[in-house]
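Subject: Structure for you to look at

Dear colleague,

I am passing on the structure we spoke about, together with some notes for someone who has not seen it before. Please open it first and keep it beside you while you read.

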Amino acid sequence: MVIVDDTGTIRLVNAQTEALFGYGREELLGRTVDLLVPDRFRTHHTAHRTGYTNNRQVRPMGAGLELHGLRKDGTEFPVEISLSPLETTDGLLVSAAVRDVSDRKAAEERINEPAALVESSQDAILAKTLDGHITYWNAAAQRLYGYSRAQVMGRHVSLLAPPDHGPEIDLLMDRLRNGERVEHFETLRVTRHGDLLDVDITLWPTRSSDGEVIGACAIVRDISDRKRAEAELTVLYEQQRHIALTLQRSLMGTPPAIPGLTTASRYRPATQGAGVGGDWFDLVPLGAGRVGILIGDVMGRGLEAAAVMGQLRSAAHALAKTGMQPRQLMQALDAAVADLDVPDQLVTCCYLVIAADAGAVTICSAGHLPTLVATPGEGARALPAPVNAPLGVGDVLYQQCSAVIPPGATLVLYTDGLIETPGSDIEDQLSQLTSTLSDLFTTAPDLEAAADHVLTTLLPDAEGHNDDVTLLLTRLPDAPLAAVSLDLPAVPDSVPEGRAFLSKALTSWGCTTKADDARLLLSEVLTNAVQHAQGPIGLHVCRTALDLTVEVGDHSPQLPQPRFAAEDDESGRGLILVRALADDWGVRPTDDGKTTWFTLHL
């Protein structure tokens, strides 16, 4: 309480005045009240005081104005002042009740600041009752939906949703009534003009002081631009993925259908990224009832891996067609990987050669996963193979081995995408694959159905694998209907002896229609072996339902080369005859030398 006379001189103060302004009573009495007013307000304060003297009544001072007091230490603080006139024998006195409103002002600022933030937010913010009627609507909501505050206050929020989204509104309100917060719910909303908007909505319940849910607030963000960008990116991504997969399948090629060989293959690109990887497989007809099977995986993802895969597949196919043995092919591929000069590029690969007449499989694996053999009634097992380093390591001497496989057994080759899945152990997955095959091959299943079953079992989430997957099932063909062999010395008499042996076999098999051609071709091949090779010479004749194949093996590594003979040459025409009369022919190197063969269709 501060009491002043009509000149503004302080006549009386109470103890609270001393505490509030920091002055002692003796420092205030007799001094002008302007002592307690900041300098910038003193001129106005004098005018207000004069005005009050002329219009005496109980009222607040400076109604509608921000008033401040000045402490002795020079600090200012907000105040409210109530004025009351006092008529005394000494004249007019004015009693001023001064209140420090610092705490109240601070509280008001704390309240007003969030309100200002909400009103100035770029996101639409609205509040509603539990039955869905709108109770608050900020400026951004007006810009987004096109409705003014007056047009929506008290109306139901279903006004903002397309007609077919009514059940969605009810569901959201039920969740809010249960006190649940809904984060980033993406849906459609409609503007005043009927335009559809893609929006992201976050809703949360509002509560009373006792914790009861009494309403809800919503932040609505227009994500139409983002949705359009996502759609454009999706189209672009699908185009790029299609191009990449088309390139990869082109590089992978389509293995030929080989008569008598039943196969089923599956390729699944990765579902993450471009889906391009380095998997490949190939079937290579080698002639004489032999088939080469290749499968490989270039480590890594993307077009670079696919490009390396394409080059290696082409090289492997060409090398396999020469008839070279698996270990020789792997040695050559290792050098090819080194020549590609791709840093840190490792390639796993497996090459098998099936010899149907002998029921044998020769295998060389360069760091690839084990090949499995599934035999009807016997289950599945790993095919024994030496452990060799992947291609690209360099300075590796590759080893191979052979195993006898019964006719009707199925070779199962695959890449790591089938069993190396996130969160699983590769040994457990390999055991599951073996177990799945054992269950399938209690009988001789259809290979196409078996391939689908394996993929479904090992990769139940068709859209969740992050590596490409290749699976190849190859059932060994039936053994030849008949086969005979004979060892001959490398002498001229072996040629007629070989012809006689062949004639006897063809007569016993009822294949006399091809006897003349077969004897002529055998004479040429045997003569080459006698003249240019080392003995002993092995003669092997086998017959299937469709073909007759004759093989002549010797101990010379020198491969015969067809050439054009001059008119006076006594030799050089044998292989020309073989090329002209045989339906297929070839030469393949062996550990002991080479084997020359020809096939006639029956």
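Predicted model: local features only at pLDDT ≥ 70, side-chain atom pairs only at ≥ 80, totals over all residues.

I begin with the nonpolar cores. The largest of them has 26 residues, and those with the most contacts inside it are Leu506, Trp509, Leu522, Val552 and Phe598. At least two residues of this core come from each of β22 (482-488), α13, α14, β23 (537-543), β24 (547-554) and β26, and α14 makes the largest share, with 8 residues. Apart from this core lies another, of 25 residues, which includes Met309, Met324, Met330 and Ala366. As background, nonpolar side chains in soluble globular proteins tend to be buried together.

Ser494 lies in helix α13, which spans residues 494-509, and with a relative accessibility of 1% Ser494 counts as buried. If neighbours within four places in sequence are left aside, Ser494 is in contact with Leu488, Pro489 and Leu526. Leu506, when residues up to four places away in sequence are not counted, touches Cys511, Thr512, Ala515, Ala518 and Leu548.

Helix α15 (residues 574-581) has a buried side, to which Gly574, Leu575 and Val578 belong as buried residues. These three are on the same side of α15 because they cover an arc of only 90° around the axis. The buried residues of α15 pack against α14 (515-532), β25 (584-589) and β26 (594-601), whereas the face turned away from the buried side carries the exposed residues Arg579 and Ala580.

Ala545 lies in the loop between β23 and β24, and at 59% relative accessibility Ala545 counts as exposed. Although Ala545 and Leu481 are 64 residues apart in sequence, their C-alpha atoms are 7.0 Å apart in space.

How many disulfides does a search of the whole structure find? The search finds 0. Cys349 is in no disulfide, and the nearest cysteine sulfur, that of Cys350, is 7.1 Å away; at 0% relative accessibility, Cys349 counts as buried. Cys401 is partly exposed, with a relative accessible area of 23%.

Finally, I turn to the largest pocket, which has a volume of about 880 Å³. The pocket is lined by 37 residues, and Pro259, Ala288, Gly289, Arg290 and Asp547 are those that lie nearest its centre. At least two residues of the lining come from each of β13 (279-287), β14 (290-298), α9 (303-321), β24, β25 and β26, and β25 gives the most, with 5 residues.

With best wishes

Key. Residues numbered from 1 in each chain as written. Heavy atoms only, no water. Disulfide = S-S within 2.5 Å. Buried < 20%, exposed > 50% of the residue type's maximum accessible area, 1.4 Å probe, protein only. Helix = DSSP H or I, 4+ residues; strand = E, 2+ residues; numbered from the N terminus. Contact = heavy atoms within 4.5 Å. Arc of directions from axis to C-beta. Core = buried A, V, L, I, M, F, W, Y, C linked by side-chain atoms within 4.5 Å. 1 Å grid on protein atoms, 1.4 Å probe; cavity = no way out; pocket = protein on both sides within 12 Å on 5 of 7 lines; lining within 4 Å. Points joined across faces, edges and corners; volume = space filled by probe spheres on them.
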